[in-house]
Amino acid sequence: MGVALDRARDAEAHGDVPIGAVVLGPDGAVLAAAGNERELHHDPTAHAEIVALRRAAAELGRWRLDGCTLVVTLEPCTMCAGAIVASRVDALVFGAFDPKAGAVASLFDVVRDPRLNHRPSVVSGVRADECSAVLDAFFSGRR
C-alpha cells in the first residue's frame, strides 16, 4: 500500500485525484504501479487501477493476470471493478471505502458477483485512514 500511496501523491502533483494502484506478481514483487492519469492524458478511463493493470499485462506479455494482486488506495468504481474481473487478478486489496462510487462494497459488489466468471478475493480497509487523508487533503484544497 505504501507504493500505491506514493503513486497517489504523484497523481496529485499533476492535478489528478490522488489515487494510486500497484499490481503485485505471483512472487509478491511489484509488476506495475500507477496513479490516476485522467488529467495528464485527457483520458476518462485512465484511473490508477486501469493504468496499473495495463502496465502489468504489458510487463507479463498477457492479459490474464492470474496469480497477481491489485492494491489500490480507494475502493474501485464500477469501471475498474469490471476491469479487475476481466483481468482475472487473484486478489484485490484496497484502502479507503468510497461511499459515493465504490463498486466492491459501498454501492455494489461487482468483483464478487456470483453471476460473473471470475471472483477475486478482497481485503478492504488496509491503511484506510492514511488513504482517506490523502484524498481529504486534496479535496479540501479545492473547495
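Tutor: Happy to. Helices (H or I, at least four residues) and strands (E, at least two) are taken here as DSSP runs, numbered from the N terminus. The model is a predicted one, so local features need pLDDT of at least 70 and side-chain atom pairs count only at pLDDT 80 or more, while totals for chains, interfaces and linings use all residues. Residues are numbered from 1 along each chain as its sequence is written, and side-chain values use heavy atoms, leaving out hydrogens and water.

Let's take the sheet as our part. Five strands make up an open sheet, arranged in the order S2-S1-S3-S4-S5 with mixed pairing (two strands pair if DSSP finds at least two bridges between them). S2 (30–35) and S5 (121–123) are the edge strands, and each has a single partner, so one side of each has no neighbour in the sheet. On average, neighbouring strands are turned by 15° against each other, direction ignored; axes here are lines fitted to C-alpha atoms, for helices over the stretch in contact, and angles run from 0 to 180 degrees between N-to-C directions.

Start with strand S1 (20–24). S1 and S2 run antiparallel and are joined by five bridges; one example is Gly20, whose bridge partner in S2 is Gly35. The two strands form a hairpin with five residues between them, and Gly28 in that turn has a positive phi of about 90°. S1 also runs antiparallel to S3, this time over four bridges, with Ala21 of S1 facing Val72 of S3 as its bridge partner. Four of the five residues of S1 are buried, so the rest of the structure largely encloses this strand (buried means under 20% relative accessible area, exposed over 50%, partly exposed in between, with a 1.4 Å probe and protein chains only).

Moving along the sheet, S3 (residues 69–74) pairs with S4 (residues 91–96) in the parallel sense over five bridges. Thr69 stands opposite Ala91 of S4 in this pairing. S4 is mostly covered, with six of its six residues buried.

Now for what lies on the sheet. Helix H5 (residues 128–140) packs on it and touches S3 and S4, where contact means heavy atoms within 4.5 Å. The direction of H5 makes about 60° with that of S4. Helix H1 (residues 2–13) lies across S1, S2 and S3, and runs at about 140° to S1.

Ala11 gives a residue-level view of H1. At 0% relative accessibility, Ala11 counts as buried. Leaving aside residues up to four places away in sequence, Ala11 touches Asp16, Val17, Pro18, Ile19, Gly35 and Asn36. Ala11 and Ala34 are 23 residues apart in sequence, with their C-alpha atoms 8.3 Å apart in space.

Helix H4 (residues 78–87) belongs in the picture too: its buried residues are Cys80, Ala81, Ile84, Val85 and Ser87. These buried residues pack against S3 and S4 as well as H3. After H4 comes Arg88, in the loop between H4 and S4. Most residues other than glycine have a negative phi. Arg88, however, has a positive phi of about 70° although it is not a glycine. Arg88 is also buried, with a relative accessible area of 17%.

Arg127 is partly exposed, at a relative accessible area of 39%.

One last stop is His47, in the loop between helix H2 (38–41) and helix H3 (48–60). His47 is buried, with a relative accessible area of 16%. Not counting residues up to four places away in sequence, His47 touches Asn36, Arg38, Cys77, Met79 and Cys80.
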